[in-house]
Amino acid sequence: MARRKVTFDKVSEDEVEPPKIDEIPFLTNKIMTLPIHLPIILYGMFYYGITSDVQQVMVKGLTTLIMAQIVYGYLIYVNVSGDGKKKKNKDNLFLLLASSIIIPIFLSLPVFGIVILMGAPLASHLYETLLLAAHVSLIIFTPVIVLFKLNFSKFSIIVQKIDLKSIWNNSILLSILASIIATWCGVIPIPLDWDRPWQNWPITLLVGSYLGYFLGSFIKLFI
Amino acid sequence: MQVEARTRIRQQKLRITFFGYIFVLIFFAILQVISIVFFKQGFLLSRDVSSTISYCNDTIDPCIQPTIEKTIFLVIDALRFDFVIPVEGSDKHYHNNFPILYDLAQTNPKKSTLLKFIADPPTTTLQRLKGLTTGSLPTFIDAGSNFDGDEIDEDNWLLQLYNHNKSIAFMGDDTWEALFKKYINPKYNFPYPSLNVWDIDTVDNGVLEHIYPIMEQNDWDMIIGHFLGVDHIGHRYGPNHHSMKDKLNQMNDEISKIIDKMDDKTLLVVIGDHGMDYTGNHGGDSKDELETTFFAYTKNKKFNMSPKGKEKYDISNLGSNYRSVNQVDLVPTLSLLLGIPIPHNNLGFPIDEMFKDLKIPSVKTIEQINRFRQSSPILKDTLGMPETFTIESSKSYQYQSLEHCKTLWARFDMKFIVLGVILLFFSFVFILAYSRSIPSVRVSTMSFEFIGSVIAMSLLGIVLSFSVYIVLMPQNLTLKNCIGSGVAIGMVIGFWAPIMDRFSILWLLHQIVDFFVYSFNTWSFMGLAFIVLHCLIFASNSYVIWEDKMIHFFIMTFGVGTFVSILKNPTISTNEKILGLNHSFTFLFVSRLVSMINLCREEQGGLCKPTFETTWWSIVLLHVVSFLLPLMIKSFFKLSNSFHSAGPLWINGMKFLLMLNAFYWTFEYVDNLNYFQIPSTVFKSFKLSIARIVLVISLILANYSWSRGPLCVKIDLSRPAPPEQTIPASPDEDAPELKPKATILGYGNIYGSSYFLLVINFSIAVMLVSKPLGAVAIAGLLIQILSFLEIIDLLNLRRNLVSPIIFGLLGYQHFFSSGHQATIPSIHWDVGFMTTENIIFPITHLNIFLNTFGSFIIICLSLPLITLWKIPPTNKPITALSQIITVITSLITYQTLISLSSFIFTAHFRRHLMVWKIFAPRFMLNGLLLVVINVILIFLSLWFGTGKVLTQVNRIFGK
């Protein structure tokens, strides 16, 4: 089997079909691609005691998340719109799935930077913040990479003209936005003087990112 | 000729519109001030002061025989309890340096007693002195008058001594003199100024100079000495400073000297009036501020104290289980020992250790408490006297009475609270309609209708309320309050009459709906979300405590939003995009950096590490900033090609003044270090002159020169000139080809660059009084403002709701980052003495004002730049003006809503455990802020700043 390239430039290669560059790929089967693994992993992290040992359990959760995101990525890949079966055979599935994990891991550094900028503690909890960034980055970037099949120019064109309505219409983009907003809202319970173990940094943000993504996909089942 | 006339008419029209706006806003500010005053009156209730004086009746109720003849009563200000007990293994400067009190109490328990002394909040000296002499609980409202202590009109033991023809000698803190001047023997009255916290020794040396000669005299019965050194060291350096060690050692030596010299008939009492927190400040009600010292000693052979078991005096764990008594207990103790009647308002109980037999003293005390309760209409018949007179039942009676009074005197006057909230709500609805619902074109033409109807209606309100007062004579309503509410209600009606005349409520609601339908985007959503969340902060004490972090989070969210928006915006060219991303990143980065400067409030506990300290690296940072900030501002000016004529002049001046500022704080630091053994007076004169020079130049000279209208433009004579920047030649002038074309450099930012010079003037003054790290934070604020202005220009946010909101949030962010919190102890009183040695009315207060509200002054001043930054001269100055009015009133709306929310929640939580610690100071800050923001916006930003810059530019360029 000859090695196939993952295309970075769709316009130059595709002569037969007219390029639908500004059309956002969408999911054809929303039940198959429901990210049910996210609440399960989240529950698992609480089951293994994230409230008492944040670092260890977050590492454990991260490894599980990587595995689950590969499967989730594959499910998205199978159910994504746009290309026929023939076209799909041309894609390098292994490279796509591998990069959908590796790129988010690298992108977790900028995410870490943003979290620090937004006011995460600098003097302590750096490792926890980094782990949070890795979790968030995997949750929000893996589906995007699979959805756009590493086609960055298509991605950037769509991003430039995207509006709330088209995000609302797309299950994955909506989930990502919901995940980001829910992570943002995750800071809200921290200052309360309830002295609960789950108020520790960064558990609430982690819960926000997991549940936000899941709920974003979940409500699209009905709407 | 015709052109000239037209210009003149246009200028006149501009001036009329301008003053129309200003007067409407002034009336509006007055309405807000009235509503704040009403709320304050209801919330910060003062206690009923009964002026009845106790007396002894020789036949029915004789005074008990005095057990001591003479007393030396020494107050050591802010003597926290752990300063006087041994603390094993502590190397803090404030521990183990004042051992004599504890040693005496150990070696001679029959003749001396050392107790923990619990102050009642508020822990400010004036309130404490009132409590220590009257035995009552001075309320919070008195705290504000600490700057000019009122004469006391309650019964107190000084008055009783005076009535019994005793002679009182006094030396030390002049608060005593303000309160008790009548009772002090004028021969022995030696007051010293108390509020100059940078002066550590004058008061103490004054006390020591006079106390020994007086002790040798015979014509005194009571010597009162009040030392201030410990308190001032706390305020100035914090408790853990080597001068604290010296001061405590000095106190130790002097007390032992006094003990040596005093005779057998004398009782020595040494107390602290309050403690200090870890920063050395006080005023609140934390444990460290409340716990102070009580010590009594006598050589009298007949006088024996009755100590309790050793286990009661447990010094382990900084004496947290040591036996404690209340400060009010001093009053009956001293009165009974001296054989004078217990002051009428006393709530305390005699201290066990000081009496051999407590029976008669306790009977006397509860009789007095009962008399007091019966004489007060509110307290009457609420608590029955114990049926059997045992010491225990008396104690429990006194305890219940004290607790009852504590809850009672925190009672609120709901009618004023509700009136204040309602008035503020109406002012909010008006300003909302004024700023957002009514089209700005209409607003500009309606000013004089507003003025007319407001004046008419408020006059009507005065007449009506006055006649109501005369005819109906309402009880429990004074004339002032009656007229005040009449005026306020009249003004509300006056504001609404012209609006109702032109528009209907339905139409105004439609305008709001239209806002959501047409001009609603992500940015205005963000702005609204920030307003709502900021208002909700006051619903929980946890969020009020962590407000600094929340504000930072909002600003960073906005910053990240701008970053993403610039990145994905297809209409911006690549060069602009890179520049914009750079601005956005600068905004974010500076914001994160300054957020690391913080002062922790006590409730934040161990989760907050305070960084706001004057250390060597903060001085170094200040020098770096004083070099970098002018460079940064210069580069921003160069971006819009405006670094010409007035620009370099101002920036160089700024460089010079900031350098002086850095030197000021270097001298201050070196002086505190005490390393070179240079006498303080040398530094003092240097510092005073630097501070005076900087303030006079920045606030007076620079503003005067600015009012002459400096422009940052330059006429560039060159042949190839870009056509859009040239002034089109007049039609009657021919042959323009031959002459070089004149290009005006800086034409595109003519208002903004000139206006920003004004911001620089005030920033320099604020930076001087803000302490080194505060100045660094203010420098950050300037950079943030400039990058934000560029972002506004790039993303076209000029008319968006979010821009004024972000300015407001920046003000809050830098309020916190320049070393403030919404608490009373975090006010930097000490900066009041930067320019003068004593308190001189406007100057001392000006410094504290600039320090506390500095960030808000700067953001209010910069607010018109949202409209003015990077626009070329316009022929429609009235349109620009009306946009500025929209921006200004938007900020006022925002702050009104914040204040309204905090008023409502503070009133709602008035029984909350934390109300005096968290909610009340925050509401006071909000009330003050609303006034400050209104005043600065109207008089500085609008009248002085915008007025000058618009007329100046339009005089030159307007056609």
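Start in chain B and select helix H30 (residues 877–908) and helix H31 (residues 915–957); they pack at an angle of about 175 degrees, with their axes 9 Å apart. Axes are lines fitted to C-alpha atoms, for helices over the stretch in contact, and angles run from 0 to 180 degrees between N-to-C directions. H30(B) and H31(B) are therefore roughly antiparallel to each other (under 35 degrees counts as roughly parallel, over 145 as roughly antiparallel, 65 to 115 as roughly perpendicular, the rest as oblique). Colour their contact by class: 19 residues are nonpolar, ten are polar and none is charged. Ala, Val, Leu, Ile, Met, Phe, Trp, Tyr, Cys and Pro count as nonpolar, Asp, Glu, Lys and Arg as charged, and the others, Gly among them, as polar.

A word on what you are viewing. This is a predicted model, in which local features need pLDDT of at least 70 and side-chain atom pairs count only at pLDDT 80 or more, while totals for chains, interfaces and linings use all residues. Residues are numbered from 1 along each chain as its sequence is written, chains are lettered from A and ligands numbered from 1 in the order in which they are written, and side-chain values use heavy atoms, leaving out hydrogens and water. Helices (H or I, at least four residues) and strands (E, at least two) are DSSP runs, numbered from the N terminus.

Next, select helix H18 (residues 522–536) of chain B together with H20(B). Their angle is about 175 degrees and their axes lie 11 Å apart. That makes H18(B) roughly antiparallel to H20(B). On H18(B), show B:Trp523, B:Met526, B:Phe530, B:Leu533 and B:His534. They meet residues of H20(B), including B:Ile551, B:Phe554 and B:Phe558. This contact divides into seven nonpolar, five polar and one charged residue.

Now bring in chain A. Here 21 residues of chain B are in contact (heavy atoms within 4.5 Å) with 18 residues of chain A. The area buried between the chains is about 1,700 Å², and carbon and sulfur atoms give 68% of it. Buried area is the accessible area (1.4 Å probe) that two parts lose on being put together, summed over both. Which residues of chain B lose the most area to chain A? Select B:Phe553, B:Lys568 and B:Arg592; together they make up 36% of what that side buries.

Look across this interface for salt bridges (a side-chain nitrogen of Lys or Arg within 4 Å of a carboxyl oxygen of Asp or Glu): the rule finds zero. On chain B's side, H20(B) gives the most, with nine residues. By class, that side has 13 nonpolar, five polar and three charged residues.

Zoom to B:Lys70 and B:Asp263, whose closest N and O atoms are 3.9 Å apart. B:Lys70 lies in strand E1 and B:Asp263 in the loop between helix H8 and strand E6 of chain B, so the pair ties together parts that are 193 residues apart in sequence.

Finish in chain A with two loops. Between helix H9 (171–185) and helix H10 (203–220), find A:Pro202. A cis peptide bond joins A:Trp201 to A:Pro202, with omega about -5 degrees. Then go to A:His125, in the loop between helix H5 (93–117) and helix H6 (126–148). Its phi is near 60 degrees, a positive value in a residue other than glycine.
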